[in-house]
Amino acid sequence: MTARSKQTVPKQPAPKKPAPKKPAPKKPAPKKVAPKKAAPGQAARIYRELVALYPDAHCELDFESPYQLLAATILSAQCTDKRVNMTTPQLFAAYPTPADLAAARPEDVEAIVKSTGFFRAKARSLIGMASALTDRHGGAVPPRMDDLVVLPGVGRKTANVVLGNAFGMNVGMVVDTHVGRLAVRLGLTTETDPLRVEQALMRLFPAEQWTMLAHLLIWHGRRVCDARKPRCGTCTLAPLCPSAQLPG
Ligand code: SF4
């Protein structure tokens, strides 16, 4: 019996383990631009400068009565004032009084307000608001915050628009997207919740300025202090504005 010669199997090199992947270097988180506070006395200076810039600032919704302004403001949610103003003449011609609107067929109102967006919800709010005015307030718009905010489609912002512009009452301040943004950029508040922004502005400005201040901030927000590209280089508020160096 011959001894079987051992076969020598050449050793295979062990397969290389793939090098552990290096974690991608973390991108530094974008620096947040902390809102800076305006210096004391800034509020009055900012108001004076805005009045000088926009002496004719006013509500840009067309209306001839509290009922019309209330309806127009409901329609202005997520829609431009210009578009609302193109829609309301037909609406008020078809339904001149809250009683007429309360009796409207939803599909007829929807067809009129369609171009303002969210037309089904808006038509429902308009008819509901008109029914509530007819049933609870003798067909008139009540000049009271508590009565307004319980009407269908009406929140505090809409109520402030109506009280300030149709009744000349400074009960609160309209805080829309422009007012909220400018209040922070101008260092008037660090709050972002509309109700808190409103409270902060009401503490800083005298009541008789509240309605006009909202118009002024909205006008400046639409014309100069754009959400994405504020035109700080040409803004006459820049010397007073702690955010004047915002990029863009
Ligand atoms: S300076 Fe710039 S950030 Fe300040 S209000 Fe003017 S446009 Fe807006």
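Guide: Start with helix α10, residues 194-204, where Val 197, Glu 198 and Leu 201 are buried. Keep in mind that this is a predicted model.

Visitor: What do the buried residues of α10 pack against?

Guide: They pack against α9 (177-185) and α11 (210-223).

Visitor: Which residues of α5 are buried?

Guide: Val 109, Ile 112 and Val 113 are the buried residues in α5. They lie on the same side of α5, since they cover an arc of only 85° around the axis. Their cover includes α2, α3 (81-94) and α6.

Visitor: Where does Glu 110 lie, and is Glu 110 buried, partly exposed or exposed?

Guide: Glu 110 lies in helix α5, which spans residues 106-113. Burial is judged by counting C-beta atoms around a residue, with 20 or more within 10 Å needed for buried and 12 or fewer for exposed. Glu 110 has 18 C-beta neighbours inside 10 Å, and therefore counts as partly exposed.

Visitor: Which residues is Glu 110 in contact with, leaving aside its neighbours within four places in sequence?

Guide: Those residues are Phe 119, Arg 120 and Ala 123. Take Ala 123: from Glu 110 it is 13 residues away in sequence, and the C-alpha to C-alpha distance is 5.4 Å.

Visitor: How is a pair of packed helices described?

Guide: Two numbers are used: the angle between the axes and the distance between the axes. For helix α2 (residues 66-75) and helix α6 (residues 119-136), the angle is about 155° and the axes are 10 Å apart. An angle over 145 degrees counts as roughly antiparallel, so α2 is roughly antiparallel to α6. The crossing of these two helices, α2 and α6, is right-handed.

Visitor: Which residues meet where α2 and α6 are in contact?

Guide: From α2 come Leu 70, Ala 71, Ile 74 and Leu 75, and they meet Lys 122, Ser 125, Leu 126 and Met 129 of α6. Six residues of this contact are nonpolar, one is polar and one is charged.

Note on methods
Residues are numbered from 1 along each chain as its sequence is written. This is a predicted model: local features need pLDDT of at least 70, side-chain atom pairs count only at pLDDT 80 or more; totals for chains, interfaces and linings use all residues. Helices (H or I, at least four residues) and strands (E, at least two) are DSSP runs, numbered from the N terminus. Two residues are in contact if their C-beta atoms, placed from the backbone, lie within 7 Å. Axes are lines fitted to C-alpha atoms, for helices over the stretch in contact, and angles run from 0 to 180 degrees between N-to-C directions. Angles under 35 degrees count as roughly parallel, over 145 as roughly antiparallel, 65 to 115 as roughly perpendicular and the rest as oblique. A crossing is left-handed if the near helix is turned anticlockwise from the far one by less than a right angle, and right-handed if clockwise. Ala, Val, Leu, Ile, Met, Phe, Trp, Tyr, Cys and Pro count as nonpolar, Asp, Glu, Lys and Arg as charged, and the others, Gly among them, as polar. The arc is that of the directions from the helix axis to the C-beta atoms.
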